[in-house]
Every structure is written in C-alpha cells, then in structure tokens.
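Here are my notes on this one, written as numbered points. Keep the viewer open and follow along as you read.

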Amino acid sequence: MIKEALKTLFLIVVMYYAFLFEMSFLPFFTFFSFLILFVVLINILEEPCGRIGLFSAFFLGLLMDIYSTHYIGLMAIGFLLLSLLLKLILSRYVRVGSLGWLPKI
Amino acid sequence: MNSVITKKRISVLVFLLVCFLIVNAFLRDGLKNFVYEKSAALQASLWDRGSNDSFAMQNQEELNKKLIEENQKLLSDLAGLQGVREENETLREALGLKLQNDFDLVLGRVISKDVLSDTLLINIGLNDGVKKGFPVILSGKALLGRVVDVYPNYSRVMLITQKNNMIDVEIPDAKSFALSKGEGGLKASLDMFPRDKELKEDSLIITSAMGGNYPAGLLVGKVKNVKKLDNEVYQRADIEKAFDLNTVNNIFVIKIAEIYND
C-alpha cells in the first residue's frame, strides 16, 4: 500500500514537471504530446486491476484542465473513463502473449 | 462486475464528479490563478530557453537572406508611403480631423502554450485591467489573438489560428473584405473572398472593424497559395501569419472601450 502510494506520488511529481516542460519548452519544436503517449503506455503495460494507470490518466487530465480554458474536471474525468475503458478492453478482449516480455509496472 | 469496473471505483468517480462541480461553481478562477502563480517562474524561464534554442536551430543563412529581401521590399514601400503620409496629414488638417489616438496598451509576457489547442497563457490579468475579449498584439501591430479567459493575475489568449476562430479581415490591395479562419496547429486560412476580385500572393491582410472584435488595421498576415476553384463561390487562400511563435515573448493587450461581439 505504502509502496504504491510512494510510486503514485513520484509519478505525480514527475508528470507535473514533465507537463510544464511540454507546455513551455516543447511547443517550439513539436506539437506531439509525449505525456499522453506515456499515460497510454502505462495503462497498456499495467495489470488490468492496477491503479497507477488510472491515477496518471486522471492527473494528466487534471493538469490539462487547469492549464487550459476547460472546466476543471472535464478532461480529468474523461481521461479516467478512457483509461477504465482501455483496461476493460485489454482484460476482456485482448490476449497478446507476445507482450509478456514487456516490463510490468 | 469484473476487476476493472468495481463498485468502489464507480463511487470514487461519482465523488470526483460532485467535487468538480463544486470547484467549478465557486473556486475555478481562484484555483487556476493559484496554480499558475506557483509555476509561472519556471514556465517563463522554460519559454525563454525554448525560444532561444529554437531560434539558434534555425538556418541562420537562409533566414538572413530572407530578412534582407524583405527589408529591401519594405524600404521601397516606405519610400512610396512617405508621400502618401504627407498628403494624408495635409488632408486631415484641411478637414479638421484629429489623428487617431494610440491604443491603450498593457505589456505582458507569454508563459506557456496549451498542449491541445492554440491558446497561450500570459502573465497579466484582471488586476492589470485586462478583460475578456481584449485583442492581443505584438510590437509592430501584428495580431496574435484575443483574451478568452481572465484570472486575477493571468489571462488566456486564443490565437488567430485556433480552430474555427473567425476574424473579419480586409485585403487593402484588393480593396475587399474576407474572413480569416483558424485551422488549428498554428495555421490559418482566408475564406469568403469574392470570386470576381483578384487575390494576389503576398498581399497584406489586416483586421477590419466590421466584426466588432478587433480594431481596424492590425496586421494578420500575408496571402499564400490562392485557391480559385470552379465550383466554389468564394476564393480561398492560406495565411502566412504575422507572428512566429519562436519569437513571441512580450505581448501587448489592447484595452478597448467596447466589445461588441464577444
């Protein structure tokens, strides 16, 4: 439990600074969002019942809400639902044995 | 119910939804302003660094050549305009008209760009007299966009390239009006230009006062890639915008008396 909380806290801090970097430094070079890719990857690689993917999706959405004109929570809830949907699809319908070599989070 | 969607998760979702409703109703602007304040210093230095690095990465030789060509063209235009200016002043004097007052400007600086849309965060807000709808320009009267959200010390600016952002514009060369339409991804296009008039490449595009959102005469960009299709009523073209994000640091917000069409 504590290990997971620490992992989540670490993830939040890293994501916050990465997000600031993506918004204030990267627009000069690319419009691609590496954080979205990062969150999708976490959700794919994590066990379907894991929570870190959900936390990261929610936190990224929350940051996007705060640093945009959206209502707070719109993207956060949206990303959370997408993350749940992804996990549901992966757990129910996808059986990819060849992904077994990828490190689990 | 499986391990992904559990009762606990659904109740957390409902709880979050209620929390967000309360936050949006009472704390939204204050909370955003607080978070921006905490990160502003770091973001400003990152923006400066990005701006400098991207400028250094550009092909200096090509840029220099382009600037020299543009400078020569501007000098010849300027020579032509000197005479017009004198004539204009004489006519104004004769008609008893006063020269147009300069804009009431507030200086600010860019802190960040939104990841998913063409909006910028700037470091001036309600406390500096900024209001929703105020136009934002660069030095040289190049139009950047307009304020869409205002917080106590920060504001959010929607760029002219934001998807579906329409601006009434004028093309002085063609003596005609049209619409500038944001395409997203820092691109904009010219639309609704009358088919029967000639639209030349590199013609300047300036704002028109017709729409009510912007003062007339702010530089929007240049006409590029004119498209005159047989089956369309209007001509279209791309717009080479007047600003380059790599060099956007300081901006000016124009305090206008009235916003007609916000």
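1. Let's start with a word we'll need throughout: two residues are in contact if their C-beta atoms, placed from the backbone, lie within 7 Å. This is a predicted model, where local features need pLDDT of at least 70, side-chain atom pairs count only at pLDDT 80 or more, and totals for chains, interfaces and linings use all residues. Residues are numbered from 1 along each chain as its sequence is written, while chains are lettered from A and ligands numbered from 1 in the order in which they are written.

2. How many residues does each chain bring to the contact between A and B? Chain B puts in 38 residues and chain A puts in 27 residues. On the chain B side, at least two residues each come from helix H1 (7–26), helix H2 (28–57), strand S1 (104–113), strand S2 (119–122) and strand S4 (142–150). H2(B) gives the largest share of that side, with 13 residues. Sorted by class, the side of chain B that touches chain A holds 18 nonpolar, 13 polar and seven charged residues. (Ala, Val, Leu, Ile, Met, Phe, Trp, Tyr, Cys and Pro count as nonpolar, Asp, Glu, Lys and Arg as charged, and the others, Gly among them, as polar.)

3. Now chain A by itself. It has four helices and zero strands, and the pattern along the sequence reads α-α-α-α. (Helices, H or I and at least four residues, and strands, E and at least two, are DSSP runs numbered from the N terminus.) Of the 105 residues in chain A, 34% are buried. Buried means that 20 or more other C-beta atoms lie within 10 Å of the residue's own; exposed means 12 or fewer, and partly exposed is in between, with C-beta atoms placed from the backbone.

4. Take a look at helix H1 of chain A, residues 2–24. Its 23 residues should span 33 Å at 1.5 Å a residue, and the end C-alpha atoms are 33 Å apart, which agrees. (The expected span is 1.5 Å times one less than the number of residues.) Which residues of H1(A) are buried? They are A:Met15, A:Phe19, A:Glu22, A:Met23 and A:Ser24. These buried residues pack against H2 and H3 of chain A, together with H2 and S1 of chain B.

5. Next, see how H1(A) meets H3(A). Their axes come within 10 Å and cross at roughly 30 degrees. That makes H1(A) roughly parallel to H3(A). (Axes are lines fitted to C-alpha atoms, for helices over the stretch in contact, and angles run from 0 to 180 degrees between N-to-C directions; under 35 degrees counts as roughly parallel, over 145 as roughly antiparallel, 65 to 115 as roughly perpendicular and the rest as oblique.) By class, this contact of H1(A) with H3(A) has ten nonpolar, two polar and one charged residues.

6. Then there is H2(A), residues 34–45, against H3(A), residues 52–66: the axes come within 8 Å and cross at roughly 160 degrees. That makes H2(A) roughly antiparallel to H3(A). On the H2(A) side you'll find A:Leu35, A:Val39, A:Ile42 and A:Asn43, meeting A:Ile52, A:Gly53, A:Ser56, A:Ala57 and A:Leu60 in H3(A). The contact of H2(A) with H3(A) has six nonpolar, three polar and no charged residues.

7. Over to chain B, which has three helices and twelve strands. Its C-alpha atoms fill a box of roughly 75 × 45 × 45 Å along the principal axes. Buried residues are 29% of its 262 residues. Is H1(B) largely in the open or tucked away? The number of buried residues among its 20 is zero, so H1(B) lies largely in the open.

8. Zoom in on B:Val110, in strand S1 of chain B. B:Val110 is buried, with 24 other C-beta atoms within 10 Å. Beyond its neighbours within four places in sequence, its contacts are B:Trp47, B:Leu120, B:Ile122, B:Val248, B:Asn249 and B:Ile251.

9. Finally, two loop residues to check. B:Lys175, in the loop between strands S6 (166–171) and S7 (176–184) of chain B, has a positive phi of about 50 degrees although it is not a glycine. B:Lys175 is exposed, with 8 other C-beta atoms within 10 Å. B:Asp202 has a positive phi of about 70 degrees, and it is not a glycine either. B:Asp202 sits in the loop between strands S8 (187–194) and S9 (204–207) of chain B, and is exposed, with 10 other C-beta atoms within 10 Å.

Conventions
Expected span 1.5 Å × (residues − 1).
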